[in-house]
Amino acid sequence: MGLCIFLSVQIYYVGRCKFDKTIFRRMAASVKNDVSRRRLFRPLHWKRFFLLIVGNLCNFGLAIYGNVNIKQDFAKYLLTILLLNLLLYMLFYTTLKIHYKEKILLQTKVYIVIAMLTWAAAMYFFLNKTTSWSKTPAQSRTYNQACVLKFYDFHDIWHILSAISMFFSFMMLLTLDDDLINTHRSLIPVF
């Protein structure tokens, strides 16, 4: 949860916040300044703040759920957190890009569609339980299913599809700002 807060601060302040020994002094000065101007609880960047609150609520909700319900299958729980954060970041960045009326190129749209389709297919195979981390390898083999594609079972197909999905998700993020290649840096709105 500390990492979520740290990353949220970095994203909100666009990497300009330094975490060093003077951070508490700077925070106190900032709070004092905001109190004197009566703007203590008014964020400067509402959209960014709102999206970060949604992301943190999702992460805190997952943390609480995991502490209450997840006892043995930690690997699946951790994978869920990482995938949800990838999805949240993609939605966060795309939403702000659309809000600021920046174009999304056709190539990026194709990557988005392919990523969504392969993620949906990968989730189908992921949710069909074919392994168990909480049991010994011999006991986990009882979950094995017959091969679907020649010699690939559901778990193998999950790995293949999730790799393809991550590739297209990262390609989408990589090409999302290609429309700004000829725009001067000072004219690009910083989310």
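Helix α4 gives the second largest pocket the largest share of its lining, 8 residues. Helices here are DSSP runs of H or I with at least four residues, numbered from the N terminus. The model is predicted, so local features need pLDDT of at least 70 and side-chain atom pairs pLDDT 80 or more, while totals for chains, interfaces and linings use all residues. Residues are numbered from 1 along each chain as its sequence is written, and side-chain values use heavy atoms, without hydrogens and water.

A pocket is an open set of points on a 1 Å grid over the protein atoms alone, where a 1.4 Å probe fits, with protein on both sides within 12 Å along at least five of seven lines; lining residues have an atom within 4 Å of a point.

Which helices supply at least two residues each of this lining? They are α1, α3 (46–69) and α4 (74–99). In total 21 residues line the pocket, and Cys4, Gly55, Asn59, Asn85 and Leu88 lie nearest its centre. By class, 15 are nonpolar, 6 polar and none charged. Nonpolar means Ala, Val, Leu, Ile, Met, Phe, Trp, Tyr, Cys and Pro; charged means Asp, Glu, Lys and Arg; the others, Gly among them, are polar.

Next, helix α1. It covers residues 2–12 and includes Ile11. Is Ile11 buried or partly exposed? Ile11 is partly exposed, because its relative accessible area is 32%; buried means under 20%, exposed over 50%, and partly exposed in between, with a 1.4 Å probe and protein chains only.

Finally, the whole chain: 7 helices and 0 strands. Of its 191 residues, 29% count as buried.
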